[in-house]
Amino acid sequence: MAKVFRSWDVDQGWLLPPSLHEFVPPGHRAHFVRDTVREALDLSAILDTYAEERGYPPYHPGMMVALLLYGYSRGLYSSRQLARACEERVDVMAVTGLNRPDFRTIADFRKRHLVALSDLFVQVLRLCRAAGLVEFAHVAVDGTKLKANASRHKAMSYGRMKTAEPALAAEVDAWLERAREADAAEDQAHGAGRRGDETPDWMADKQRRLEAIRAAKAALEAEAADPPDPEDENGPGASSGMRWQGRPLRGDDGSPPDRAQRNFTDPDSRILPMRDGFVQGYNGQIAVDAAHQVIVAHRLVTNSADYRALVPLVDGVRAHLRRKPREVSGDAGFANEANLVALRERGITGYLAPGRARHGEADAAGRRRLTKMPLMSAMAARLKRAGRRSRYRLRKQVVEPVFGQIKQARGFRPFLMRGLEQVRGEWAMICTAHNLLKLAQADR
């Protein structure tokens with residue numbers, strides 16, 4: 001007898017559609033994200049913008065929010081990836097209710113409501129606290145370099161601008177003169193009303209690049225003429241190459257230094273040093289509660305230095321949850337005398353690594369430096385005395401795995417948006433999706 005198989009009739013029509021809840025198993029993450037958005041999040045900031053009664057009904061904002069947050073939790077970040085998943089993946093269909101917004105609709109919704117989507121971070125964080133995922137016992141802080149939606153090869157230094165501008169201008173002028181001569185010859189040969197007098201594409205590209213160089217050069221010169229407050233790391237030119245680790249704000253003649261750089265694709269992004277080179281990007285900083293690796297505060301800046309982030313992150317925890325952590329740990333990038341003073345004033349026990357002396361430096365010289373910073377000296381002695389039992393050891397196992405989950409497990413690498421404010425909103429959504437996953441694990 002022939003073997004009997006289960007039916008596989010792809011042409012069979014459905015008499016009754018199945019329930020959306022049967023698309024994926026009952027405990028699936030898609031159900032949790034969808035139901036959390038529907039039942040636990042306040043979307044009035046988004047819903048109140050839809051006051052126009054005329055026109056074709058738009059997609060439900062709650063569905064769009066659930067789609068974005070679920071996509072981010074699954075490593076789907078681009079609008080095209082999300083639109084394709086609405087047509088191909090049953091877990092996404094369980095979230096959208098078989099709605100299929102196109103990629104442009106998804107991109108426009110995210111851009112239009114980016115501020116409101118960023119504010120959902122606090123709502124999700126408070127849900128995590130209500131679920132007992134935040135204990136305030138120990139919070140670790142750290143920063144990571146994230147690639148911008150721009151290539152560092154599209155950046156140009158001010159010194160190169162000064163030499164490239166006249167060379168390109170002369171080349172464009174020569175092309176324009178040749179084009180005028182060609183136009184005159186073609187007019188004589190074909191008549192003035194005939195085609196052939198347009199600017200060639202090969203010349204227009206050079207012309208646009210010359211205009212971009214002149215605009216970037218003018219922006220750097222404006223920053224040099226009116227430099228930002230040295231304490232304002234987020235202002236114009238804060239880390240654009242005009243001032244970084246002692247580099248002067250201005251050149252000797254009052255113009256920008258030749259090493260000042262500006263990116264043509266995303267002018268707000270900066271070239272930041274990394275362990276294995278440099279990246280055109282931003283510095284994403286977070287504070288993570290040690291109990292369940294929930295992000296309790298986030299921040300994104302254009303400066304590669306982390307020490308200015310400690311106080312805003314700690315104060316952000318109190319602003320979001322109205323309670324401060326008992327302990328805070330951070331690596332050497334956060335350690336300085338001012339930060340230890342700030343933690344002491346807030347009644348928080350700090351564990352900040354003072355850092356190691358550079359190779360070849362005398363130990364006596366290192367001791368002389370620490371004697372001028374009593375809190376740093378006391379911190380170094382405390383960490384050395386505790387050894388492997390130090391609370392500082394929690395930092396590496398609390399905050400660094402979160403960056404691994406975001407960048408490796410969920411594959412987030414370059415930002416999709418450009419501009420500091422846009423990228424900050426995108427970073428907030430990444431942190432919100434991370435906390436949603438922690439909340440979903442606790443719900444099981």
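Let's start at Gln-293, which is buried in this predicted model: its relative accessible area is 15%, and the cut-off for buried is under 20%. To find Gln-293, look in the loop between strand E5 (277-289) and strand E6 (294-301). Most residues other than glycine have a negative phi.

Now hop along to Arg-322, another non-glycine residue with a positive phi, here about 60 degrees. Arg-322 also sits in a loop, the one between helix H10 (310-321) and strand E7 (327-330). Is Arg-322 buried or exposed? With a relative accessibility of 67%, it counts as exposed, because the cut-off for that is over 50%. So Gln-293 is buried, whereas Arg-322 is exposed.

Positive phi values turn up at glycines as well. Another is Gly-132, which comes just after helix H7 and has a positive phi of about 80 degrees.

H3 covers residues 61-73, 13 residues in total. From its first C-alpha to its last it reaches 18 Å, close to the 18 Å expected at 1.5 Å a residue. How many of the residues of H3 are buried? The count is 13 of 13, so you'll find H3 mostly covered.

H7 runs through residues 114-130 and has 17 residues. Its reach from first C-alpha to last is 26 Å, close to the expected 24 Å. The buried residues in H7 include Leu-114, Leu-117, Leu-120 and Phe-121. Further along H7, Val-124, Leu-125 and Cys-128 are also among the buried ones.

Back at H3, have a look at how it meets helix H1 (residues 29-39): the two pack at an angle of about 140 degrees, and their axes lie 9 Å apart. H1 and H3 are therefore oblique to each other, as an angle counts as roughly antiparallel only when over 145 degrees. The crossing of H1 and H3 is right-handed. On the H1 side, the contact is made by Arg-29, Ala-30, Val-33, Arg-34 and Val-37. H3 brings Gly-62, Val-65, Ala-66, Leu-69, Tyr-70 and Ser-73 to the contact. Sorted by class, the contact of H1 with H3 has seven nonpolar residues, two polar and two charged.

Notes. Residues numbered from 1 in each chain as written. Predicted model: local features only at pLDDT ≥ 70, side-chain atom pairs only at ≥ 80, totals over all residues. Heavy atoms only, no water. Helix = DSSP H or I, 4+ residues; strand = E, 2+ residues; numbered from the N terminus. Expected span 1.5 Å × (residues − 1). Buried < 20%, exposed > 50% of the residue type's maximum accessible area, 1.4 Å probe, protein only. Axes fitted to C-alpha atoms, helices over the stretch in contact; angles between N-to-C directions. Parallel < 35°, antiparallel > 145°, perpendicular 65-115°, else oblique. Left-handed = near helix turned anticlockwise from the far one by under 90°. Contact = heavy atoms within 4.5 Å. Nonpolar A, V, L, I, M, F, W, Y, C, P; charged D, E, K, R; others polar.
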